[in-house]
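Here are a few notes from my read-through, in numbered points. Have the structure open while you go through them.

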Amino acid sequence: MNKHQTDTANASAFPVDTIRAMFPALQRAGDFIFMDNAAGAQIPQSVLDAVTNHLVSHNVQRGGRYGRSVTVDQSVADARTSVALLINAYSPAEICFGMNATSFIRLVSLGIGQMLQERDEIVITDMDHDANIATWLALLFLVLVLYTIAFFRDPNRPDPADQLAVVAAADGTIADIQEIDEAEFLKARRKRIGIFLSIFDVHTNRAPVAGRIAFQQFRKGLFFDARRPECSEKNEAMTWAFQNPRATIVVRQLSGAIARRIVGWAKVGDELKRGERFGMIRFGSRTEVYLPLDAEILVKVGDHVKGGASVIARLPE
């Protein structure tokens with residue numbers, strides 16, 4: 001028997017008409033052919049009858065204490081056991097029921113999402129099933145929404161009791177401490193404390209001391225990474241000066257590679273309390289505080305500070 005004869009015999013042995021008769025949709029198909037797959041397969045009459053019977057006789061809320069609920073729960077448990085035996089699953093608990101392949105993929109993706117740990121990576125391509133892509137995109141969208149809410153958080157902070165204290169003008173990490181010329185307002189040598197704000201820090205800026213706003217000036221510039229040394233001179237910035245009888249403190253808001261929007265809420269002439277909000281920088285940036293040379297620095301590089309609460313320096317008596 002040659003290959004053609006073998007194929008013909010196998011085709012004849014397959015009960016095409018019997019199988020077709022099991023699927024109501026194929027009875028109305030006419031002369032065209034269904035190019036189908038598991039994601040949208042036609043449903044046999046036996047399954048339709050079982051689903052109809054369930055909807056008519058057993059469609060109740062699962063997990064209840066009524067007799068019918070208990071019966072349906074047991075039916076589902078029995079079905080899990082049967083399927084587990086059929087496919088040799090480790091446990092019936094591994095069996096998940098859904099409407100179709102799309103719902104299955106979504107459930108599996110959600111399950112994997114709950115097990116993700118730090119440094120795990122999610123890789124999807126345009127060849128993935130839409131249910132898989134949509135699930136991860138929905139998760140990403142949720143993360144972005146939660147991050148945006150967290151980014152714009154603006155907690156109240158307790159003001160320290162020491163009247164000579166200078167508080168941090170922003171949340172973040174102390175990036176550098178050095179003596180440098182402040183060229184925009186004071187035009188004199190000052191101690192500068194640079195604070196780097198990551199995208200996870202609170203981005204509200206607060207007055208480092210109580211006083212009147214004597215100066216405010218916006219400077220157009222570039223958008224280098226806020227951790228680069230040249231960003232202080234070249235990046236877009238807003239400079240403020242806070243004056244009181246003890247000292248004049250200059251604060252500079254600097255944009256970064258991600259943060260490109262400096263917002264000022266106060267204006268020249270406003271009297272602010274120490275720790276009072278005067279602006280913010282959106283999505284990662286740098287804030288600099290310029291102090292008198294005789295101020296005592298109370299932080300070091302690497303310290304994490306909280307705007308309006310952490311004491312970064314102390315003015316002389």
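**Notes on the predicted model**

1. Let's start with Ser-69, which sits in helix α5 (residues 67-87). Keep in mind that this is a predicted model. Ser-69 counts as buried because its relative accessibility is 6%, under the 20% cut-off. Leaving aside residues up to four places away in sequence, Ser-69 touches Val-60, Gln-61 and Gly-64.

2. Next, the sheet. There is an open sheet of eight strands with antiparallel pairing, in the order β9-β5-β6-β7-β11-β3-β2-β13. Its edge strands are β9 (271-272) and β13 (304-305), each of which pairs on one side only.

3. Look for Gly-211, which stands opposite Leu-272 in β9.

4. Now β11. Strand β3 (residues 188-197) is joined to β11 by seven bridges, running antiparallel, and Phe-196 has Arg-286 in β11 as its bridge partner. Strand β7 (residues 248-254) also runs antiparallel to β11, with five bridges; here Gln-253 is partnered with Thr-287.

5. Why is β11 described as largely enclosed by the rest of the structure? Seven of the seven residues of β11 (residues 285-291) are buried, so the strand is largely enclosed. In a regular strand, side chains alternate between the two faces of the sheet. In β11, Ser-285, Thr-287, Val-289 and Leu-291 point one way, while Arg-286, Glu-288 and Tyr-290 point the other, and all are buried.

6. Last, the aromatics: the structure holds three aromatic pairs. Trp-240, Phe-242 and Phe-278 form one aromatic cluster.

Definitions and conventions. Residues are numbered from 1 along each chain as its sequence is written. This is a predicted model: local features need pLDDT of at least 70, side-chain atom pairs count only at pLDDT 80 or more; totals for chains, interfaces and linings use all residues. Side-chain values use heavy atoms; hydrogens and water are left out. Helices (H or I, at least four residues) and strands (E, at least two) are DSSP runs, numbered from the N terminus. Buried means under 20% relative accessible area, exposed over 50%, partly exposed in between (1.4 Å probe, protein chains only). Contact means heavy atoms within 4.5 Å. Two strands pair if DSSP finds at least two bridges between them. Rings of Phe, Tyr and Trp (its six-membered ring) pair if their centres lie within 6.5 Å; planes under 30 degrees apart count as stacked, over 60 as edge-to-face and the rest as tilted.
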